[in-house]
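Student: I would like to learn how to read a few features of a protein model. Can we go through them one at a time?

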Amino acid sequence: MNLATAFGHAVARQPGALAYVDDDRRITFAEWRAMILRLAGGLAGLGLGPGDHLAAVLRNGFEMASLYWAAHHLGVVITPISWRGTAEEIAYCLQNSGAAAMAYDGAAGPAAGEAAALAGLSGARLIRTSDAVGEGVAFETLLEAPVLSEAVAAAPEATALMIYTSGTTGRPKGVPRSHLNELAGCYAHIAHNRLPFGTASLGVMPLFHIMGLRVLATTALLNGAYVAMAGFDATRALALIEGERVGSIFLVPTMYHDMLRTAEIANTDLSALHHVGYAGMVMAQALEERCREAFRPERFVNYYGSSEIYTFSFCDRLDLKPGSAGRPGLNQTIRIVGENDEELVAGQLGEITASMDAPEAFAGYWRLPEADAKAIRRGWYHTGDLGMKDADGDLFILGRVDDMIISGGENIHPEEVEDVALRSGLAADVAVVGLADARLGQRVVAFVVPSDGAIDAETLDQAYLASDLPRFKRPRDYVLVAEMPRSASGKLLRRMLRDGKYTPWPDPSSAGRA
């Protein structure tokens, strides 16, 4: 079994079902498979074959979704790269992966073409869409190629795709994932979310991210319609959920925050939306409550995992366990360990580790034995996340190991401090970091996007005084910012705040030392 075979089963099961939707396309499974087989034939005509890496610097859309499936039919390793990167960053991924070809559109501007030149890719080794800036074979011509006569029977252990991590702490790392890894991840996602056949899904998480790829693949396996969005816009997302009768959304908390702040949310018909899930980062409990009230889904799931191992744990009882990441997923074991990798008991804080025996687990990073040695020890993957289990065995994530603030000898978890500001209604967004302090070691600093623009340090501190948060955990400084620095997948980049790389609020004098 491989991904191409699994897709073929879906087509045979319901060939006339709607498979793909975007602004100007509505394609059935049978129609899409015919196009995919022509694309695969076109890629083969360019000389691509089993084991070759096809880099894709593409926004969400027909080209990216179709090339994903076409590559699997050829045994080609689809290697999506963030189109938000610089030419140098994209070139690094091209060179590191040894990409045999690159497909790209206009999302990256001239950076993609410049990256290709730096990596030595040109001519027929480049596939360009109509809005791309640069040279290459037109994507449309591949759709006119002879149909691939027979799909490559890739072994389950063969590499199906390679994802590059976001690189928030350095160079991005390649994460090769096999057909078995991906199919196991799909089945786990379907089971843990209890998604029914025919579920239409919103395809807005970028397809260079594991969440986006999981939505694309599981939607197809369930004969649902993949409703593509090239980029996230809260108002447009709500319109698509209503208009296309979307049944499932799987987003990062930032996107939920933005949708809940629109005027349209109150008048949007959300009756078809039965499954709501989030992943990628911790969701503040205040936001979690608002999501439950606004969307009223049949299932509301916190999904905890990574590119390396898709599923760590999941929680579908957020009404009973607010903020919990729940219990381990199928075929998975979770341990909390201390500094010497000793297993900790309930109530003790430590690093979250996951078993490498899971079928969803990668085999190791691409050509980075030093990264393997750091992350994989004695059969356990070290996530870098801090967490603890409660008396019931449910997992709670309390931040990153590197993000914990140690002030005056006390350990402070940013998420706990952030939740107070969000609950107060004064902050549209907030991030808490530890900055160097001669006396305390680190002082707690809150970076705040105001909800109304008329707040100051005293007002913010009053919210903390009214909370149950101990004084040593309360921010000692407040900095108003125009927006939070985030990665392409919505993850907060705290290091940029620490380094002073942010845009101040237009009237920075309205905040200061508390």
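**Reading the model**

Tutor: Strand β20 (residues 380-389) has 8 of its 10 residues buried, so it is largely enclosed by the rest of the structure. Keep in mind that this is a predicted model.

Student: Which way does β20 run relative to β18, and how many bridges join them?

Tutor: β18 and β20 run antiparallel and are joined by 5 bridges.

Student: What about β19 and β20: how many bridges join them?

Tutor: Strand β19 (residues 376-377) is joined to β20 by 2 bridges, and these strands run antiparallel. The bridge partner of I376 in β20 is Y381. β19 and β20 form a hairpin with 2 residues between them. In that turn, R378 has a positive phi of about 50 degrees.

Student: And how does β20 pair with β21?

Tutor: Strand β21 (residues 395-400) pairs with β20 over 5 bridges in the antiparallel sense.

Student: How do I read burial for a helix, say α4?

Tutor: Count its buried residues. In helix α4 (residues 87-97), 8 of the 11 residues are buried, so the helix is largely enclosed by the rest of the structure. The buried residues are A87, I90, A91, Y92, C93, L94, N96 and S97.

Student: Which elements do the buried residues of α4 pack against?

Tutor: They pack against the strands β3 (53-57), β4 (77-80), β5 (101-104) and β8 (159-164), and against helix α5 (110-119). After α4 comes G98, which has a positive phi near 70 degrees.

Student: Next, aromatic rings. How many aromatic pairs does a search of the whole structure find?

Tutor: The search finds 18 aromatic pairs. One of them is formed by F7 and F29, at 6.4 Å centre to centre with 45 degrees between the planes, and this pair is tilted. F7 is in helix α1 (residues 3-13) and F29 in helix α2 (residues 29-45), 22 residues apart, and the pair links distant parts of the chain. F7 is buried, with a relative accessible area of 0%, and F29 is buried, also with a relative accessible area of 0%.

Student: Why is the pair of Y68 and W69 classed as edge-to-face?

Tutor: Read the angle between the planes, where over 60 degrees counts as edge-to-face. The planes of Y68 and W69 are at 80 degrees, with ring centres 4.9 Å apart, so the pair is edge-to-face. Y68 counts as buried at 0% relative accessibility, and W69 is buried with a relative accessible area of 0%.

Student: Which residues form one aromatic cluster?

Tutor: F7, Y20, F29, W32, F62, Y68, W69, F139 and Y226 do.

Student: Last, pockets. What is the idea behind finding empty space?

Tutor: Rolling a probe the size of a water molecule over the atoms shows where empty space is left. Here the second largest pocket has a volume of about 640 Å³.

Student: How many residues line the second largest pocket, and which lie nearest its centre?

Tutor: It is lined by 31 residues, and R84, T254, D258, R486 and S487 lie nearest its centre. The elements that give two or more residues to this lining are α10 (253-260) and β24 (427-437). α10 gives the most, with 4 residues.

Notes: Residues are numbered from 1 along each chain as its sequence is written. This is a predicted model: local features need pLDDT of at least 70, side-chain atom pairs count only at pLDDT 80 or more; totals for chains, interfaces and linings use all residues. Side-chain values use heavy atoms; hydrogens and water are left out. Buried means under 20% relative accessible area, exposed over 50%, partly exposed in between (1.4 Å probe, protein chains only). Two strands pair if DSSP finds at least two bridges between them. On a 1 Å grid over the protein atoms alone, a cavity is a set of points where a 1.4 Å probe fits but cannot get out, and a pocket is an open set with protein on both sides within 12 Å along at least five of seven lines; lining residues have an atom within 4 Å of a point. Grid points are joined across faces, edges and corners, and a volume is the space filled by probe spheres set on the points. Contact means heavy atoms within 4.5 Å. Rings of Phe, Tyr and Trp (its six-membered ring) pair if their centres lie within 6.5 Å; planes under 30 degrees apart count as stacked, over 60 as edge-to-face and the rest as tilted.
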